[in-house]
Amino acid sequence: MNYKNREKIIAHSIFLLGSIIVLYPFFSILFLALSEPGKRISGFTVPSGIYFDNFIKAWTDGGFSNGLFNSFVVVIGVVSITIFCSTLAAYAFEKLDIFGITPLFALLLIGLVLPYESIVISLYYTMKAYNLTNTYWALILPQIGLSIPFSIFWLRASFKSIPISLSEAAMIEGAGRLTILTKILIPQMIPAILTLTVLLFMWTWNEFLLALIMIQDADMRTAPLALSYFAGNKRYGDPAITAAAAIWVALPVLIMYIFLQRRFISGMVTGAVKE
Amino acid sequence: MSTNKIYRPQTNIDYSSYLYILPAFIFYLIFVFFPLADTFYNSFTEWNGISEKKWVGLEQYTKNLANKKITSSIKHSFILIIFYSFLPIMLGLLIAGLMIRVKVRGMATYRAILFLPQILSMIVVGIAWRWIYAPKGPLNSGLDFFGLEEVSRAWLGSFDYSLPFVGLIGTWVMFGFTMILFIAGVQKIPSELYDAAKVDGAGAISEFFNVTLPNLKGEIVVALVFTVTLALRNFDLIYITTGGGPGTSTMIPSMFIYKKAFQMNQVGSASSLGIMLTFLIFTLVSLILIIFRDKK
């Protein structure tokens, strides 16, 4: 009994210490952002009061209403098209017999490991040739291509877990393949599709390098790109306003995380293990 | 596996099945595979992005390999692997080993907190840490508080400290992930295995090496692949914290690719560096998979 208790105390201390280490940077910039404008806090003191002035200043000066809007447009485009295409493809890979499935799968595997840092140069010149830089398309289309390998792998694994008897029964009644997919399989897949939606939302929202090279117009910047310009610009050298800006950018994903944390964690942990 | 298929081909191939994979593959081929092939081609040319491409064979590769700044940027990436991969995995394993049979109340909350760094934009993470490391930021105020004024400095502006301190941000991002992954893995190990080890008179340490570690092989591979690739790519965090500086003390290949392609207009050279980075990542991932392959 005593031994068990001691173990529990050690476990709690470890988790508590880990949690403090994780949370410290968050609270550190939160306190900074809430501090009195113009007053330097040392980072080791709790602020004397709560001031939202930094948040207001960051919002108006940094163009974050535009940035957040642009990010939402890109996220909606990427998530919807990726889910649509990947569901169809994962269904075919798992449930239909396709000649040459192994090489096609190997081809997708390349995309799973490929560092896209190395191909963005080529993407940039392609987009430029079609006059698509500074448009949503330059952000949406490549991000779909980059999201598809993981999405297919993820959805294929959950198609696999649906028993074959379900679709066989429907087939005997004469249902076509598309009907089986939409009427029988997809309803079973809703949790998996939701988790994938959450992950794609997060990855697309946080995407930075594509936006950095494709977007030159200030009006077209995504939220993280607007933040990087804001943080790098000497004119807004005030760290408290930068901290407030960072919180604006993190907020949508944070809110989503508060409500759907289990999906985030199980998606990334089991998704990684399944691969 | 094939018994799980709904439709099997009757006599000849049913081409309509390909319609299902067509949309996904169109996106994948145009926006991932073609750019990769195009980058590969560009890597054998000299090109400033505007004029005609000039075929130069392997010249860009030999030049890159002879460039001290580039070879040292690859060395930096390997140092970052220690911080992004090695440290979090060791920490995660140690803690998972300690938690074998402990049921912790409030685990869901701890998990949610520890996982937090994974969901945030690296730009946001970088800004938070830039403040912590700032000359008048929390770290230095803390050092001053304990009378260690001599130690405090502009950490990210230091030639000696900037690389390990950027690395520590990576450790911070990753350690919660490896902890959660390994603890989840440990809980799946059948308790009979531990009972059997107990009967054989195994102590805590031999239990860890003979039962826990071998049964976490799958999770270790996942953690290695995930953290090593991130350490080698890592563009966002370097861009927002140091930009590769001071000097080239935190320069990494992905930052070089960006600078060469978009600031120095050396597209051919940047492309060959991109192919080198791709090759490096594929080699390391294959190595990890080969080393940890099931020998059954």
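The legends below describe close-up views of a predicted model.

**View 1. A salt bridge between two helices of chain A.** The side chains of A:Arg156 and A:Glu94 come together here in a salt bridge, with a distance of 3.2 Å from N to O. Because A:Arg156 belongs to helix H6 (residues 136-160) of chain A and A:Glu94 to helix H3 (residues 64-95) of chain A, this pair ties together parts that lie 62 residues apart in sequence. Both A:Arg156 and A:Glu94 are buried. As a general point, side chains of opposite charge can pair when their charged atoms come close. Over all chains, the count comes to six salt bridges, and two others are shown in the views that follow.

**View 2. A salt bridge between a loop and a helix of chain B.** In this view the side chains of B:Lys188 and B:Glu219 meet in a salt bridge, at 3.7 Å from N to O. The pair links distant parts of the chain, 31 residues apart, since B:Lys188 sits in the loop between helix H7 (162-187) and helix H8 (191-199) of chain B, while B:Glu219 sits in helix H10 (residues 217-233) of chain B. B:Lys188 is exposed, with a relative accessible area of 59%, whereas B:Glu219, at 7% relative accessibility, counts as buried because the cut-off for that term is under 20%.

**View 3. A salt bridge between B:Glu207 and B:Lys198.** The closest N and O atoms of B:Glu207 and B:Lys198 are 3.6 Å apart, and the two residues form a salt bridge. B:Glu207 has a relative accessibility of 6% and therefore counts as buried, while B:Lys198, with a relative accessible area of 46%, is partly exposed.

View 4. The largest share of the patch, four residues, comes from helix H3 (residues 68-98) of chain B.

**View 5. Two packed helices of chain A.** Helix H4 (residues 101-113) of chain A packs against H6(A) at an angle of about 120°, and the axes of the two helices are 8 Å apart. An angle from 65 to 115 degrees would count as roughly perpendicular and one over 145 as roughly antiparallel, so H4(A) and H6(A) are described as oblique to each other. In this packing, H4(A) passes H6(A) in a left-handed crossing.

Conventions: Residues are numbered from 1 along each chain as its sequence is written. Chains are lettered from A and ligands numbered from 1 in the order in which they are written. This is a predicted model: local features need pLDDT of at least 70, side-chain atom pairs count only at pLDDT 80 or more; totals for chains, interfaces and linings use all residues. Side-chain values use heavy atoms; hydrogens and water are left out. A salt bridge is a side-chain nitrogen of Lys or Arg within 4 Å of a carboxyl oxygen of Asp or Glu. Buried means under 20% relative accessible area, exposed over 50%, partly exposed in between (1.4 Å probe, protein chains only). Axes are lines fitted to C-alpha atoms, for helices over the stretch in contact, and angles run from 0 to 180 degrees between N-to-C directions. Angles under 35 degrees count as roughly parallel, over 145 as roughly antiparallel, 65 to 115 as roughly perpendicular and the rest as oblique. A crossing is left-handed if the near helix is turned anticlockwise from the far one by less than a right angle, and right-handed if clockwise.
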